[in-house]
Amino acid sequence: MTAAIPTIALVGNPNAGKSSLFNALTGARQKIANYPGVTVERKAGHASFADGRPLSLVDLPGSYSLTPASPDEAVTRDVVLGQQAGERRPDALVVVVDAANLDNHLCFALELIALGLPTVVALNMLDLATRDGLTLDPAILSRELGVPVVPTVAVRKRGLTDLLAAVDGAILSHQTQATAQPAPPPSDVALHQRAKAIARAATLSETPVRRWTAQVDAVVLHPALGFLILLALMFVMFQGVYAWSEAPIGWIEGGIAALQEAVTAALPDGFLRGLIIEGVLGGVGSVIVFLPQILILFLFILLLEATGYMTRAAFLMDGIMAKVGLSGRGFIPLLSSFACAVPGIMATRAIPDAKDRLTTILIAPLMTCSARLPVYTLIIGAFIPNSNVGGSPVGLQGLVLFGLYLSGIVGALVVALVLRRTVAKGNAAGFMMEMPRYQWPRLRDVGIALWQRAWIFLRRAGTIIFVTTIALWLLLSYPKVPTDSTESQVDYSVAGRIASGLEVVVAPIGFNHDIALALIPAMAAREVAVSALATANAIEAGDDEEAMAQSLSERLQGRWSIATALAFLAWFVFAPQCISTIAITRRETNGWKWPLFMVGYLFALAYAAAGITYWTAVAFGLG
Amino acid sequence: MNPKLDSAKLGIAVRISRIDWDHMSHDEGRRLREFGLMEGIEVTPLHRGSLFSRDPLALAIGRMQVIIRARQAAMIEVAPTAP
Ligand SMILES: Nc1nc2c(ncn2[C@@H]2O[C@H](COP(=O)(O)OP(=O)(O)OP(=O)(O)O)[C@@H](O)[C@H]2O)c(=O)[nH]1
Ligand SMILES: [Mg+2]
């Protein structure tokens, strides 16, 4: 029994700092953010005691008790009670409590201690307790609880060695002692009274201090002003995506062009040169160019998450969400879906009501994820003038981007309204959530998270986008068009002929051969639409010097009408062009029924939206 | 009839005198208790609703702040705190 590596689980209330502690002890980079319900699944990692013996650490979703209210909390109960299939029960528990909110956090701690496993309490966020004017005595707390209590500040890696030493000691003394029989669980009221009494005993002094959280909330949660601030924040985000990315995008474009020249000079004309210039640099490069924009978007979302603003946004949006049968709780996964729908859909596990959760999953792909940014930016850059609206500092391109995001949100709300009255009918969803204190974002954490996102994006570009683009390049390059033919290489190729078939279906909504060609590979990932257009364009240009010098957006301007471009944008607001989203929906809903439903309704909406946009634009003379 | 939490004045602490547990679902009631909302406890309503509705309600319970819906607040009877 002692030979095995001990498994130690981190348990406690939501937002107590379990994942921060997990990261500090294992060196992992689990997501940390300042709102309850960040971690939604069990995560294991390795650490070691001071003398080098290994231990296995498990990070769990936060919960208020061992009676779960949502799917993520059920995981915590199952792991702690040893009911998780295929997993051993943990050998010891580290109960993480927020030192500034002992009244509440000690309730769950008492319930966990009563289980009789070796247990240590991590008195975390001691720095915040001090900020709030609290002086606590860990020794008294330890005496009252009957288990070791170790003060920690997870985000500054303070108290980690003591914590592990205490865990080691607890496991040892547990083996030598007779195991106490688990006591029957006390009533909620008794538990709270006991928690309060212990908290009072352990609090040496409590000075009233300026609670700036209250002052900020007076403004941020103001019924009218608060809403304007939320809108203004989102608006600045989309303006920022344009305004601040211009320079870095220029650098990347310059770098790619220089590489293309170098390759042209170094390699003879042929298969390899075509592959590298048209497929790799032209195709994949056209997607990588958007890295700065994606990072700016992520920076905004990370800052909102780290400060504690997310729950305030949920508070403000609850009124609107309630009208379509959802709750403010659902706004948090939806806002995460601006980055990517996949983690957004996973985050819905923190939603208690099953129908509420299902609806949120089904509308998550309508949130404009960062993979749409390249598509939007390319088309907006080519067809919307880069000017300001009526002499104001508001850029027209940023405004159109904001409009596309808004269409996604409005579309999602309308769809939710319909779903909640049809396939996902159920009781009105409730909304009960804890509101965390504000915190300053930690530069290091934000920096690491940004770097992770950049890495994920580049890996995507290097794998799925790369492979799809190269496959498309091959299908576009063969068979070679005979020199005496009047057809272009693209039209003559395998891919071109397939696209001509699809064109018949999408021609009514204003889509041309270029778009038909881009749509199929873009099923793998939306960004591929851009690399596909770029690759086809590069092949078409061939060795024509003049055509080569034109940028992709200049070429598109010459080939597409404005009506077609707008229809293409409208299509991408709705179309479910992402294999990962379909796969995660299958996993989270346990079957093919809902992902198929999702794909079906989204394609139908995309077709209708593109069509209506096209016909309207043509009616206004933009065809 | 006693005043209910959903119409209590913002910024003024009140004491919970009774909660109508029978008119809410089991899970709802349990989550309220897990937040520490139960008879005899002092709470301060802080913020109510946004531009579009009277929902939700943010409360302070001790050092914690929680958000609940007006429908639940309507089932919580409150009395002035003892002076
Ligand atoms: N000041 C301070 N902040 C902390 C400390 N530990 C964690 N935090 C912050 O508290 C917030 C929540 O931390 P997490 O580690 O995500 O909390 P969690 O317990 O894993 O939360 P869930 O996964 O939602 O249950 C983040 O904003 C952290 O930066 C601490 O010791 N001091
Ligand atoms: Mg966590």
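These notebook entries record what I looked up in a predicted model with chains A and B.

**Entry 1. Overall form of chain A**

I began with the secondary structure and found 28 helices and 9 strands in chain A. I then looked up its extent: the C-alpha atoms fill a box of roughly 90 × 55 × 45 Å along the principal axes. For 623 residues, a compact globule would have a radius of gyration near 25 Å, and the 28 Å of chain A agrees with this. I noted that buried residues make up 56% of the 623 residues. Of the contacts in chain A between residues at least 6 apart in sequence, 73% join residues at least 24 apart.

**Entry 2. Overall form of chain B**

I turned to chain B, which has 2 helices and 5 strands. Read from the N terminus, its elements run β-α-β-β-β-α-β. The radius of gyration of chain B is 12 Å, close to the 12 Å that the globule rule gives for 83 residues, so chain B is as compact as a globular protein of that length. Its C-alpha trace spans about 35 × 30 × 30 Å along the principal axes. I recorded that 58% of the 83 residues of chain B count as buried. Among contacts in chain B between residues at least 6 apart in sequence, the share joining residues at least 24 apart is 60%. The accessible surface of chain B comes to about 3800 Å², and 55% of it belongs to carbon and sulfur atoms.

**Entry 3. The magnesium ion**

I asked which residues coordinate the magnesium ion (ligand 2). They are A:Ser19, through OG, and A:Thr39, through OG1, at 2.0 Å. A:Ser19 lies in helix α1 (residues 18-26) of chain A and A:Thr39 in the loop between α1 and β2 (43-48), so the pair ties together parts that are 20 residues apart in sequence. I checked the burial of each. A:Ser19 has a relative accessible area of 9% and is buried. A:Thr39 also counts as buried, at 12% relative accessibility.

**Entry 4. Helix α2 of chain A**

I examined helix α2 (residues 71-80) of chain A and found it mostly covered, with 8 of its 10 residues buried. Among the buried residues are A:Asp72, A:Glu73, A:Val75 and A:Val80. I then asked what covers the buried residues of α2(A). The cover includes β1 (7-12), β4 (92-98) and α3 (102-113) of chain A, together with α1 (26-34) of chain B. After α2(A) comes A:Gly82, with a positive phi near 75°.

I placed A:Ile320 in helix α13 (residues 309-323) of chain A. Leaving aside neighbours within four places in sequence, A:Ile320 is in contact with A:Phe227, A:Leu413 and B:Phe52. A:Ile320 and A:Leu413 are 93 residues apart along the chain, and their C-alpha atoms are separated by 8.7 Å.

A:Ser336 belongs to helix α14 (residues 331-336) of chain A. At 8% relative accessibility, A:Ser336 counts as buried. Not counting residues up to four places away in sequence, A:Ser336 touches A:Tyr35, A:Glu305 and A:Gly344.

**Entry 5. Backbone exceptions**

As a reference I noted that most residues other than glycine have a negative phi, and that most peptide bonds are trans.

I looked up cis peptide bonds. The bond from A:Tyr478 to A:Pro479 is cis, with omega near -10°. A:Pro479 sits in the loop between α19 (443-477) and α20 (489-492) of chain A. In chain B, the bond from B:Asp55 to B:Pro56 is cis, with omega near -15°. B:Pro56 is placed in strand β3 (residues 53-61) of chain B.

I then looked up positive phi values. A:Asn15 has a phi near 65° and lies in the loop between β1 and α1 of chain A. At 22% relative accessibility, A:Asn15 counts as partly exposed. A:Asn590 has a positive phi of about 55° and lies in the loop between α27 (579-589) and α28 (593-619) of chain A. A:Asn590 counts as exposed, at 70% relative accessibility.

Note on methods. Residues numbered from 1 in each chain as written. Chains lettered and ligands numbered in written order. Predicted model: local features only at pLDDT ≥ 70, side-chain atom pairs only at ≥ 80, totals over all residues. Heavy atoms only, no water. Helix = DSSP H or I, 4+ residues; strand = E, 2+ residues; numbered from the N terminus. Rg over C-alpha atoms; globule rule 2.2 N^0.38 Å. Buried < 20%, exposed > 50% of the residue type's maximum accessible area, 1.4 Å probe, protein only. Contact = heavy atoms within 4.5 Å. Donors = N, O, S within 2.8 Å, 3.2 Å for Na, K, Ca; no water. Areas by Shrake-Rupley, 256 points an atom, 1.4 Å probe, with all protein chains shown as cover.
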